[in-house]
Amino acid sequence: NRLSVPALAALLLRKMDDAEKKGVPFYLSVSEGFSFNALPATALCEVLGNLIDNALEAAARSCSPRVDLTLRGADGYDEIVVSNTYAEDADLRFLSEASYSSKAGHQATGLESVRKTVRKSRSVCFNQFVRGRYIESSLCAYKR
């Protein structure tokens, strides 16, 4: 009920269904006031779709799969955080190498398209890092 963009709501329902099919627990939290208007709806859905797909794939390989998606709105910014578990032997080079895929025959085009899309907006920051047993991908848009 807190999502004002129908395309985003539809995307999240689809990804939650994908998570269920893969046996990955998926937790969604949307704060009141979340809007994330720094990207057009189509670009936001493309970016978030790629990040969630990557999170589901990594979590599915984990001995304790889990994906958390937080959509938070605050006075000065909106934030999206995708957090997922990953396997102990996961190849995490994608965090430091621009176009690296841990999948054979893949070219990391999904994550690279996320970076390209985000670079087009001066008000959006994108970060990925390891926090304990989770990989976190965050998008932050400062309100003007």
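What share of the contacts in the protein chain with a separation of 6 or more comes from residues 24 or more positions apart? The share is 66%, where contact means heavy atoms within 4.5 Å.

## Basis of the model

This is a predicted model: local features need pLDDT of at least 70, side-chain atom pairs count only at pLDDT 80 or more, and totals for chains, interfaces and linings use all residues. Residues are numbered from 1 along each chain as its sequence is written, and side-chain values use heavy atoms, with hydrogens and water left out.

## Overall fold

The protein chain has three helices and five strands. Helices (H or I, at least four residues) and strands (E, at least two) are DSSP runs, numbered from the N terminus. Their order along the sequence is α-β-α-β-β-α-β-β.

A compact globule of 144 residues would have a radius of gyration near 15 Å, and the protein chain agrees, at 15 Å. That radius is taken over C-alpha atoms, and the globule rule is 2.2 Å times the number of residues to the power 0.38. Along the principal axes, the C-alpha atoms fill a box of roughly 40 × 30 × 25 Å.

## Surface and burial

The accessible surface of the protein chain is about 8,200 Å². Carbon and sulfur atoms hold 48% of that surface. Areas come from the Shrake-Rupley method with a 1.4 Å probe; for residues, only the protein chains shown count as cover.

Of the 144 residues, 45% are buried. Buried means under 20% relative accessible area, exposed over 50%, and partly exposed in between (1.4 Å probe, protein chains only).

## Helix α1

Helix α1 covers residues 6–22. Its 17 residues should span 24 Å at 1.5 Å a residue, and its end C-alpha atoms are 25 Å apart, which agrees. The expected span is 1.5 Å times one less than the number of residues.

The buried residues of α1 are L8, L11, L12, K15, D18 and A19. They cover an arc of only 120° around the axis, which puts them on the same side of α1. The arc is that of the directions from the helix axis to the C-beta atoms. Their cover includes β1 (26–30), α2 (41–60) and β2 (67–73). The face turned away from the buried side carries the exposed residues P6, L13, R14, E20 and K21. Just after α1, G23 takes a positive phi of about 75°.

## Helix α3

Helix α3 spans residues 109–119. Its buried residues are L111, E112, S113, V114, R115, T117 and V118. These pack against α2, β4 (124–131) and β5 (134–142).

## Cysteines

A disulfide is a covalent bond between the sulfur atoms of two cysteines. The criterion is a pair of cysteine sulfur atoms within 2.5 Å. The structure holds zero disulfides. C45 is in none; the nearest cysteine sulfur, in C140, is 19 Å away. C45 is buried, with a relative accessible area of 14%.

C140 is buried too, with a relative accessible area of 12%. Its closest cysteine sulfur, in C125, is 5.9 Å away, too far for a bond.

## The loop at P65

P65 sits in the loop between α2 and β2. At 26% relative accessibility, P65 counts as partly exposed. Leaving aside residues up to four places away in sequence, P65 touches G23, V24, P25, A59, A60 and T85. P65 and Y142 are 77 residues apart along the chain, and their C-alpha atoms are separated by 31 Å.
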